[in-house]
Amino acid sequence: MGLKKTGYTQKTSESYIINAATVYTGVTFAAETGFTGTLHGATSGGVTLTIEQAYRDVEVDGTTHMKVKGNKVLASANATVTANMKELTAETIRQSLNGSMLDATTEEAPSGYKVIRTKRFVEDADYIDNIAVVGKLSGSNDPVIAILDNAFCTNGLELGTEDDGEAVVEQVYEAHASQDQLEADEYPWKILYPTVAAS
């Protein structure tokens with residue numbers, strides 16, 4: 001058999017990740033209930049998962065003129081989820097700022113308002129246990145799920161408005177390792193990819 005003119009096969013159309021993904025927080029799995037979690041909110045313009053990995057080549061005399069197999073070391077890796085939030089709640093804004101949120105006092109605003117302020121220091125409780133991107137695989141009824149542990153929103157708040165439109169706030173969540181993950185050299189993210197049935 002010669003080389004084909006295209007990479008398209010009978011199985012290709014079953015391996016598309018289609019449409020916009022959904023964002024959840026606090027995702028868990030149990031055999032009895034399956035996956036459960038809390039919807040993070042409605043988005044606009046999609047959701048982006050980024051896993052960056054930087055490698056370095058160990059410098060050894062006599063090898064600087066070419067790359068050598070086995071001489072690469074993973075120098076750093078980082079995972080982020082970027083969600084363009086169209087559903088804006090007080091909690092969405094608080095998370096963007098890593099802020100504090102309290103009910104307004106009578107001196108600040110009328111009853112029914114929340115007061116959100118940026119905090120100076122980051123506390124353990126500010127990390128979300130996990131944030132998950134849930135996507136649809138064309139050849140399966142099961143979702144593709146990327147889960148980032150100990151997520152923290154790092155990009156602050158930019159809120160622009162215009163006529164005949166709605167504000168969208170970009171949130172960038174970074175994954176962070178727990179002490180146990182650090183000790184085990186285990187990165188704080190994973191991708192769950194369903195098996196597509198053989199045709």
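Ala79 touches Thr50, Ile51, Leu148, Tyr173, Glu174, Ala175 and Trp189, leaving aside residues up to four places away in sequence; a contact here means heavy atoms within 4.5 Å. The model is a predicted one, so to speak of a local feature takes a pLDDT of at least 70 and side-chain atom pairs count only at pLDDT 80 or more, while totals for chains, interfaces and linings use all residues. Residues are numbered from 1 along each chain as its sequence is written, and side-chain values use heavy atoms, with hydrogens and water left out.

Back to Ala79, which sits in strand 4. Strands (E, at least two residues) and helices (H or I, at least four) are DSSP runs, numbered from the N terminus. Ala79 counts as buried because its relative accessibility is 0%. On this scale, buried means under 20% relative accessible area, exposed means over 50%, and partly exposed is in between (1.4 Å probe, protein chains only). In soluble globular proteins, nonpolar side chains tend to be buried together. As for Leu148, the residues that it touches include Leu49, Ala79, Val81, Ile131, Tyr173, Pro188 and Trp189, not counting residues up to four places away in sequence.

Leu49 belongs to strand 3 (residues 43–57). Leu49 is partly exposed because its relative accessible area is 32%. Together with Ile17, Ile51, Ile191 and Tyr193, Leu49 makes a nonpolar surface patch of about 450 Å². Patches take residues with over 30% relative accessible area and no salt bridge; like charges are joined within 9 Å, and nonpolar side chains (Val, Leu, Ile, Met, Phe, Trp, Tyr) within 5 Å. A salt bridge, in turn, is a side-chain nitrogen of Lys or Arg within 4 Å of a carboxyl oxygen of Asp or Glu. Accessible areas come from the Shrake-Rupley method with a 1.4 Å probe, and for residues only the protein chains shown count as cover.

Asn84 is in strand 4 (residues 72–85) and counts as buried because its relative accessible area is 18%. Its side chain reaches the backbone oxygen of Gly46 at 3.3 Å. Beyond residues up to four places away in sequence, Asn84 touches Ala42, Thr43, Ser44, Gly45, Gly46, Val168, Val169 and Glu170. Asn19, in strand 1 (residues 17–30), has a positive phi of about 65° although it is not a glycine. Asn19 counts as exposed because its relative accessibility is 70%. Asn150 is found in strand 8 (residues 143–153), and its phi is also positive, near 50°.

Helix 1 (residues 90–97) has Thr92, Arg94, Gln95 and Ser96 buried. The buried residues of helix 1 pack against strand 4, strand 5 (99–103), strand 6 (114–118), strand 7, strand 8 and strand 9 (169–174). After helix 1 comes Asn98, with a positive phi near 45°.

Methods
A polar contact is a pair of N or O atoms within 3.5 Å; within protein, one must be able to donate a hydrogen and the other to accept it, and residues adjacent in sequence count only if both atoms are side-chain atoms.
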